[in-house]
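Please look over the chain below before reading the notes.

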Amino acid sequence: MNEGLKVLEIDIQKMIFEFVGGLGIFLFGIKFMGDGLQRSAGDKLRDILDKFTTNPVMGVLAGIIVTVLIQSSSGTTVITVGLVSAGFMTLRQAIGVIMGANIGTTVTAFIIGINISDYALPVIFIGAILLFFFKSKKIHNFGQIVFGFGALFFGLELMGDGMKPLSGLQAFHDLTVSMSDSPLLGVLVGTVFTLIVQSSSATIGILQELFGQGLIDIKASLPVLFGDNIGTTITAVLASIGASIAARRAALTHVIFNLIGTTIFLIFLPLFTIFIEYVQGQLGLNPQMTIAIAHGAFNFTNTLIQLPFVAALAWIVTKLIPGEDSLVEYKPKHLDPIFIQQSSSIALGQAKEEILRMGNFAVLGLEESNMYQKNYLQKHADNATQLESAINNLDRKITDYLILISRSEMSPTESEEHSMLMDTVRDIERVGDHFENIVELVNFQLNNKVKLTTSAQEDLDDMFKLTINTLKNAITSLDDKDIALAKNVQKAEEEIDRMERTLRKKHILRINEGSCSGSSGVVFVDIISNLERIGDHCVNIAEAVLGYRK
């Protein structure tokens, strides 16, 4: 009797180990394959989403393409949430992308439906050869795709082996009968399991294995499939916690979209079940491909039904999450190429307006890095990073625009202004780099539990105030071509240089006295060094203004 119990224990242990290990390999395979596909795509996913989301229909296509490339609908949704926050796309465009992501994620289920588990190990071996014996980046990326593809099937096979003993468990048999009788229970099981695993592709893969082994029938499988689609929304929800209003709205849209779809399909579940069984019989599909077809039909039909109501979805989430969202608009507002053809002078004026926007972003970014250094709230770090990204984007767009202007005829005065604007763009971009450095220094401070004394903190506050004010004056002098203000910036920069030298000496004294550690010294000195460099760029802007006026 004891031996029988021991065998049962070993079987259960083996079952759990094979299932958990297989799940881990499966998830790794999807991630590894997705990373390889992403690298092969040249990491232009944001560009795809930015350029091809002119309307919700194009957004759906963009969502499908990106999700196929990264093998993760959650990943696409998280990228989309970031783009909405950044002002790259509207909420309506984002809804289209989210719908497309749901269709794109069905590709994994179709891949599994091909069922080449018997060849998984040779595929892994081929992938490993491509990864370890070739130096070409393209071959390396392809090897990663192949290896991930093999790992996906090998993990699936292990999970299948682990689930085989379930047929002998009465509790599992009772659960499947209950799910067949009560579709809502199936939806709940699918949702909870996907919440835990954080991958609908994995839970759909498990469902395909269960159905393939006859452990669960089609009536129980379909509600679980619907639940898997609801569970996958959790990643975007988690990504939006503490984020902007726009990000939270996009995440909520994902949840509502799948809830509405599940409700519709539960109402018509008997008809949908008959349809899937008919397709399976007519096309002679294997069980895995049957689930893949059901998954694809659910997401495609759900998108088709809800696509005409994108505006209504946007209105609903705006009402549920009210408030105005402060967006950092990455896109330039003034750089219309038509002005270059009409008049170089007007085009230069438009470029200058965009540079002033960029300068205001730099001021805001420096203020956010100061706030992060003072209170360590993550939202200030996120805002600073977002502003720095916006500055980099505007830097590229403005520089390209100025290059186009340089190809047209300009008067000597216009040529001078053109040179000044080119220099100013570079200086503002460098300011962004320096406040980003400050954010990274504060991150280092937090990660390594480095503490600054009250005296050091007060010194930093003083230097931040002076530098922020100097940067504001530099941008204003550029806007108004104010010579007096530009001269004030020159004097303030000299004061920043003096302050940097004085504070550096004071901090060395604090370290020598033992009131500050060596690590805090590194953080303090590097922060004031970055502020001093920002002062240099401020005076460059001011001198450009003075040179132009002369």
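Predicted model: local features only at pLDDT ≥ 70, side-chain atom pairs only at ≥ 80, totals over all residues.

Residues are numbered from 1 along each chain as its sequence is written, and side-chain values use heavy atoms, with hydrogens and water left out. The protein has 24 helices and zero strands (DSSP runs numbered from the N terminus: helices are H or I of at least four residues, strands E of at least two).

**Overall**

- Of the 550 residues of the protein, 51% count as buried (under 20% relative accessible area with a 1.4 Å probe, protein chains only; exposed is over 50%, partly exposed in between).
- Among contacts (heavy atoms within 4.5 Å) with a separation of 6 or more, 82% join residues 24 or more positions apart.

**Helices α20 and α21**

- Helix α20 (residues 378–406) packs against helix α21 (residues 412–447) at an angle of about 160 degrees, with the axes 9 Å apart; axes are lines fitted to C-alpha atoms over the stretch in contact, and angles run from 0 to 180 degrees between N-to-C directions.
- α20 and α21 are therefore roughly antiparallel (over 145 degrees; under 35 is roughly parallel, 65 to 115 roughly perpendicular, the rest oblique).
- The residues of α20 that meet α21 include Leu 387, Ile 391 and Leu 402, and those on the α21 side include Leu 421, Val 425 and Phe 435.
- The residues of this contact divide into 13 nonpolar, five polar and five charged (nonpolar: Ala, Val, Leu, Ile, Met, Phe, Trp, Tyr, Cys and Pro; charged: Asp, Glu, Lys and Arg; polar: the others, Gly among them).

**Aromatic rings**

- There are nine aromatic pairs, counted for rings of Phe, Tyr and Trp (its six-membered ring) with centres within 6.5 Å; planes under 30 degrees apart are stacked, over 60 edge-to-face, the rest tilted.
- Phe 265 and Phe 298 form an edge-to-face pair, 4.8 Å centre to centre with 70 degrees between the planes.
- Phe 265 lies in helix α14 (residues 245–267) and Phe 298 in helix α16 (residues 287–306), so the pair ties together parts 33 residues apart in sequence.
- Phe 265 is buried at 8% relative accessible area, and Phe 298 is buried at 0%.
- Phe 226, Phe 265, Phe 272, Phe 275 and Phe 298 form one aromatic cluster.

**Gly 535**

- Gly 535 is found in helix α24 (residues 518–549) and is buried, with a relative accessible area of 0%.
- Leaving aside neighbours within four places in sequence, Gly 535 is in contact with Glu 493 and Ile 496.
- Gly 535 and Leu 471 are 64 residues apart in sequence and 7.3 Å apart in space, C-alpha to C-alpha.
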